[in-house]
Amino acid sequence: MQVGLIGAGNMARGLALGWGRPVLCTDVVAERARALAAEVGGEALESGAEVARRADLVVLCHKPAQLDTVATEVTPHARAVASILAATPLAAVKAAYPDRPVYRVLPSTPVEVGQGAVILAADDEQDAEIDAGVRELFASLGTLVVLDDGLVDVAMGLMSNAPAYYALVVEAQVDAGVRHGLTQDQASRLVVQTMAGTAELLRRREFDTLAVRRGVTSPGGSTARGLDALERGGLRAAFSAALDAILRP
């Protein structure tokens, strides 16, 4: 499946790097498209129409406000369209690109290293072959989760902002380690690897967080004391408040 990207910003770059294949791309900033094409071995084209004529799947990576403007140029030529536009329901994308398979897909930034979370808005079957190809394409970037379109914004609040949260958690732990004598490099290596290893452990244990916690928590031990301090510090409430803030109109 030849992929064409309309927009060559950070997320378009992450997708292209995660796929590790040449892509067609265009951008209102021509140099940005050329840089992306050079990085992934693809080709920068002058217009969205040209990308659509040559691609099997057009992936919309431009700004959401440009949906209708871009569609005017791309619609006559696009065979199938996938949108990663934030706050743009599947129905709106279908209305802009009628009479062809259309998908709403929301990736997180770790797709760049093949470890992303990817949301696919649920829909009726459109074209069995293209449906399967789109799922395979985006599943190759990490974990693909299919959700009703009405829940996509909630899921986005959990995963698209989370890399920044986790980076902040790492930073806080590293700072604590440095305060007690570790170097920043030593603390960073330990914390990041522990986070990565714990994520894999949770996957293998079918996301049973309680089992993982119990596996390292002895009655009255250091982990129990640390968890108690985090709970008293409001960790759960802070994450709940963060999601509320994201979803607030």
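## Salt bridges

Arg 32 is partly exposed, with a relative accessible area of 38%; the term covers values between buried (under 20%) and exposed (over 50%), found with a 1.4 Å probe and protein chains only. Its side chain meets that of Asp 27 in a salt bridge of 2.8 Å, N to O. A salt bridge here is a side-chain nitrogen of Lys or Arg within 4 Å of a carboxyl oxygen of Asp or Glu. Asp 27 is buried, at 15%. The structure holds 13 salt bridges, and Arg 13, Glu 39 and Glu 112 are linked in a network of them.

Arg 232 and Asp 228 also form a salt bridge, with the closest N and O atoms 2.7 Å apart. They are four residues apart in helix H11 (residues 222-232), so about one helical turn separates them. Arg 232 is exposed at 63% relative accessibility, while Asp 228 is partly exposed at 40%.

## Basis of the model

This is a predicted model, in which local features need pLDDT of at least 70 and side-chain atom pairs count only at pLDDT 80 or more, while totals for chains, interfaces and linings use all residues. Residues are numbered from 1 along each chain as its sequence is written, and side-chain values use heavy atoms, leaving out hydrogens and water.

## The sheet

Eight strands form an open sheet in the order S3-S2-S1-S4-S5-S6-S7-S8, with mixed pairing. Strands S3 (43-44) and S8 (142-147) stand at the edges with a single partner strand each, so one side of each has no neighbour in the sheet. Helices (H or I, at least four residues) and strands (E, at least two) are DSSP runs, numbered from the N terminus. Two strands pair if DSSP finds at least two bridges between them.

## Strand S6

Strand S6 (residues 102-107) pairs with strand S7 (residues 116-121) in the antiparallel sense over three bridges; Leu 106 has Ile 119 of S7 as its bridge partner. S5 and S6 pair in the parallel sense, also over three bridges, and the partner of Val 81 in S6 is Val 102.

In a regular strand the side chains alternate between the two faces of the sheet. In S6, Val 102, Arg 104 and Leu 106 point one way and Tyr 103, Val 105 and Pro 107 the other. Six of the six residues are buried, so S6 is largely enclosed by the rest of the structure.

Arg 104 forms a salt bridge with Asp 149, the closest N and O atoms being 2.9 Å apart. This pair links distant parts of the chain, 45 residues apart.
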